[in-house]
Amino acid sequence: MKIIKLTALAFLFPVLCWAQAPNFSLTGKIGTLGAPAMAYIDYMDNGVSHEDSVALVNGSFKFTGHISGNAYARMALDHSGGGKGKAVYTGDVIYFYFGKEQVTITSKDSLENAVFAGSKVYQEYDAYNKAIGGTIMALTKAVNIDFNRGTPEQQKDTAYMKAVDMRFRKNIQNRTDKQFQFAKEHPTSYFALVALSEAAGSKVDVAKVEPLFNALNKAYRETDMGKELAQRIAASGITAVGNVAPLFTQNNVVGKPVSLASLKGKVVLVEFWASWCGPCRAENPNLVKQYQTYKDKGFEIISVSLDNVKERWLEAIEKDALDWIHVSDLKGWNNEVGRLYGVRAVPASFLVDAQGKIIGNGLRGEPLNKKLAEIFN
């Protein structure tokens, strides 16, 4: 993996970005909100994440910047001074795409009820969502409404909850089917790539996905999202059980390169996690126990973090007492090893034998414990 010879460029890159003239603006007017109200934005442009914040003055705010293509954004509005975290996870938040445009966002009371103007990309995004049955957030909101229609007694009933869950899963599957259909029918649309990338998931059905991907507009296939999907298609084959695990090298917590090849001769769990991942942290006590049990018998763990803040990564390692190898390039979901292995959700893991072949993937909890017992006992 290419993680070296970039130091000088890394220092120059911010300077180059600052030198570029803004080519988009997002101008908002949300009622007459003022201090302590704040607007926050996080957006992804060609694989690089950006964030910004601004105070509202008489309901007005403005974000400007430079993007290379279409960008995906999360915007949150803190009405009462609770901070970004509260606004993002429990407050007024929206998700959308925008391009090199002068966009206006207006509402009498909230982002959730805002109207967009001046963005052809947003119009296409809105049409795409209508074609596939809505966003995941909209379907999640709908299932909560569905559940709350029940009486208190029904909401405690297993059969009732199961019925609500089945309706939700059916809606998700219908949406996925429509995403594949959208990708097939609109190969020249940017949102065909968005649809296919999401519908493909972690375990890519190559026979179904690859022809649709190859039919997409070449320019979209060469975007970061397109390249990531191409890597996922390739990874679905190379990371299958029985194949040799893809080799990689990435820096550890003190900046020293560590390679998977250097661990040949040991049984290695290549584990993908992040400090912010609840299920990952919940599994850590079990990994600690298994590591202590088998490390002297030839078992090793190399944890690849999808964090992008080093302090949080190191804090989680120390707090959870994870005494094994840790590596990361701190690129979040764009971690080079994660992309190589086609990882789209964490926790994810690949168990590699002493000869370097994958002998299990997605193992954790009791299935992992049983597999390790079979190997070492």
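**Entry 1: a strand pair**

I began with strand β2 (residues 38-45) and strand β5 (residues 71-78), which run antiparallel and are joined by seven bridges. Helices and strands here are DSSP runs numbered from the N terminus (helices H or I, at least four residues; strands E, at least two). Two strands pair if DSSP finds at least two bridges between them. This is a predicted model, in which local features need pLDDT of at least 70 and side-chain atom pairs count only at pLDDT 80 or more, while totals for chains, interfaces and linings use all residues. Residues are numbered from 1 along each chain as its sequence is written, and side-chain values use heavy atoms, with hydrogens and water left out.

I then looked up the sheet: it is open, has four strands in the order β3-β2-β5-β6, and pairs antiparallel. Its edge strands, β3 (48-55) and β6 (92-98), each pair on one side only. From one strand to the next the twist averages 15°; for such angles, axes are lines fitted to C-alpha atoms (for helices over the stretch in contact), and the range is 0 to 180 degrees between N-to-C directions.

I also noted that Asp-42 has Arg-74 in β5 as its bridge partner.

**Entry 2: salt bridges**

I searched the whole structure and found 16 salt bridges, each being a side-chain nitrogen of Lys or Arg within 4 Å of a carboxyl oxygen of Asp or Glu.

Arg-167 and Asp-146 form one of them, at 3.0 Å from N to O. Because Arg-167 lies in helix α6 (residues 158-185) and Asp-146 in helix α4 (residues 136-148), the pair ties together parts 21 residues apart in sequence. For accessibility I used these classes: buried is under 20% relative accessible area, exposed over 50%, partly exposed in between (1.4 Å probe, protein chains only). Arg-167 is partly exposed at 40%, and Asp-146 is buried at 14%.

Arg-169 and Asp-165 form another salt bridge, with 2.7 Å from N to O. Both residues lie in helix α6, four residues apart, about one turn of the helix. Arg-169 is exposed at 56%, whereas Asp-165 is partly exposed at 32%.

I next checked Glu-228 and Arg-344, whose closest N and O atoms are 3.7 Å apart in a salt bridge. This pair links distant parts of the chain, 116 residues apart: Glu-228 is in helix α10 (residues 224-238), and Arg-344 is in the loop between α13 (336-340) and β14 (348-352). Glu-228 is buried at 9%; Arg-344 is partly exposed at 38%.

Salt bridges that share partners also join Asp-42, Glu-51, Arg-74 and Lys-84 into one network.

**Entry 3: the whole chain**

I counted 14 helices and 15 strands in the chain. The C-alpha trace spans about 65 × 60 × 45 Å along its principal axes.

Buried residues make up 43% of the 377 residues. Of the contacts (heavy atoms within 4.5 Å) with a separation of 6 or more, 64% are between residues 24 or more positions apart.

Last, I looked at pLDDT, the predictor's confidence in each residue, from 0 to 100. The chain mean is 92, and 95% of the residues reach 70 or more. Over residues 1-18 the pLDDT stays under 50, and the model has eight contacts beyond four places in sequence for them.
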